[in-house]
Amino acid sequence: VSILGATGSIGESTLRVIAEHPQRFAIAALTAQRNAEKLIALARQFRPTAVAIGDETQLPGVRSALHPLGIAVFGGATGIAEAACIPADITVAAIVGAAGLIPTMRAIEQGASVALANKEALVCAGRLVMEACATHGTRLLPIDSEHNAIFQVLAAEHRAAVEKITLTASGGPLLRRPLATFASVTPEEAVNHPRWSMGAKISVDSATMMNKGLELIEAHYLFDLPASRIEVLVHPQSIIHSLVHYADGSVLAQLGMPDMAIPIAYTLSWPERMAVTTPRLNLAEIGALQFEPLEAARFPALGLARAALNAGESHLIALNAANEIAVAAFLEGRIGFTQMAEVVERVLAETPTTSIGSIEDVLAVDESARQSSHTRIAAATLA
Ligand code: NAD
Ligand code: MG
């Protein structure tokens with residue numbers, strides 16, 4: 001198993017599952033962007049063939065710590081892409097953001113399996129990613145809990161009878177907060193998710209519900225369904241992770257406690273299942289499951305994502321890039337909570353619909369949307 005983004009929340013959960021099955025798994029490559037200390041500790045514990053550290057200033061330190069153990073050490077973005085090419089039966093793509101696109105593509109090109117957490121790669125290059133999987137015979141196993149749920153209950157032989165799918169959404173930390181106070185939501189409040197413990201970017205995305213917008217796009221590519229057949233349903237307890245509605249009226253769902261080790265374990269053991277120490281579901285204790293429709297006025301990000309999906313690929317790239325820049329600015333206290341959607345909306349308004357033929361095209365639109373986002377944020381800060 002290789003893990004791209006081994007030091008993050010998904011990386012950590014993956015290694016927790018792997019540590020339970022030392023006979024079954026060995027580590028090929030581990031990568032990290034900045035946290036050299038954690039990468040070194042993980043390498044000492046799991047003894048990979050290779051590691052890569054994105055921040056090249058840390059390369060000498062990682063080299064001197066790991067070369068004596070016979071572990072190859074790569075550095076920089078190219079080093080991470082190189083680590084993604086180390087032979088592995090399954091690569092866990094768990095880098096956050098569009099930064100994960102190139103390494104994920106390199107892993108896909110190896111023709112083995114890729115367990116995908118890095119939803120932004122699918123949002124900005126979904127068609128190219130799916131085409132690369134077909135070309136190289138690579139199986140893409142979704143880690144994102146909603147998509148993993150659908151993957152678990154959508155049998156290939158029933159594909160033609162799928163009427164629609166429902167992605168469940170916890171609603172995040174702001175579900176009950178008065179809308180009039182949204183402008184004053186702080187980064188601490190936004191990342192304080194009631195159900196899941198995750199990295200900072202996806203936690204903010206969950207508060208704005210941009211996460212569900214990105215997941216809508218992710219589902220569109222993974223399951224080849226139009227946006228009109230993908231619904232979102234608020235389910236605050238996060239027990240039902242998603243549902244598939246069939247033409248005969250049957251609805252299949254996957255349930256489980258909210259712990260990413262569960263979907264991760266399924267991707268690592270697929271098509272089998274393996275024992276993992278995860279919290280067990282006790283429905284009698286939970287008593288009732290709640291559902292409610294999503295309030296569009298509260299969470300404009302979902303509408304922006306739906307519109308971008310209809311507008312075409314350049315808008316999906318710009319949506320993702322502008323959101324990444326806006327979330328970073330919000331976390332740094334440079335813009336307010338409600339300004340994130342405003343930045344994304346304005347950048348989309350000035351994004352032309354261009355055709356996307358290659359990853360280079362994706363990166364060019366991505367870069368230009370990031371520039372426009374910086375300009376918008378600078379203007380918002382001065383205003
Ligand atoms: P995180 O911030 O905890 O970890 C991110 C990882 O990516 C770290 O290992 C970091 O070193 C690496 N990284 C960051 N910037 C990088 C760069 N520029 N180049 C290379 N590597 C870089 O994030 P996370 O919560 O683990 O999320 C990872 C991905 O999984 C995201 O796409 C997220 O949407 C998705 N996801 C996460 C969860 C969750 O529960 N955390 C659930 C579903 C999907
Ligand atoms: Mg999810």
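Predicted model: local features only at pLDDT ≥ 70, side-chain atom pairs only at ≥ 80, totals over all residues.
## Close-up views

Residues are numbered from 1 along each chain as written, chains are lettered from A and ligands numbered from 1 in the order written, and side-chain values use heavy atoms, leaving out hydrogens and water. Arg334 forms a salt bridge with Glu332 at 2.7 Å, N to O (cut-off: Lys or Arg side-chain nitrogen within 4 Å of an Asp or Glu carboxyl oxygen). Glu332 is exposed, at 53% relative accessibility.

**The magnesium ion (ligand 2) is held by three side chains: Asp144, Glu146 and Glu215.** Their donor atoms (N, O or S within 2.8 Å of the metal, 3.2 Å for Na, K and Ca; water is absent, so sites may look incomplete) sit at 2.0 to 2.2 Å. The spacing in sequence is D-x1-E-x68-E. Glu146 belongs to helix α7 (residues 145–153) and Glu215 to helix α10 (residues 210–223), 69 residues apart. Helices (H or I, at least four residues) and strands (E, at least two) are DSSP runs, numbered from the N terminus. Both Glu146 and Glu215 are buried.

**Lys212 meets Glu146 in a salt bridge.** The N to O distance is 2.8 Å. Lys212 lies in α10 and Glu146 in α7, so this pair ties together parts 66 residues apart in sequence. Lys212 is buried, at 5% relative accessible area. Glu146 is buried too, at 8%.

**Lys164 and Glu231 form a salt bridge between two strands.** Their closest N and O atoms are 2.8 Å apart. Lys164 is in strand β8 (residues 162–169) and Glu231 in strand β9 (residues 230–234), 67 residues apart. Lys164 is partly exposed, at 25% relative accessible area. Glu231 is partly exposed as well, at 33%.

**Helix α9 (residues 200–208) is mostly covered.** Of its 9 residues, 7 are buried. Among them are Lys201, Asp205, Ala207 and Thr208. Their cover includes α6 (119–136), α10, α14 and α15 (339–349). Just past α9, Met209 has a positive phi of about 70°.

**Phe337 reaches Ala207 and Thr208.** Its contacts (heavy atoms within 4.5 Å), beyond neighbours within four places in sequence, also include Leu174, Phe182, Val185 and Phe330.

Note on methods. Buried < 20%, exposed > 50% of the residue type's maximum accessible area, 1.4 Å probe, protein only.
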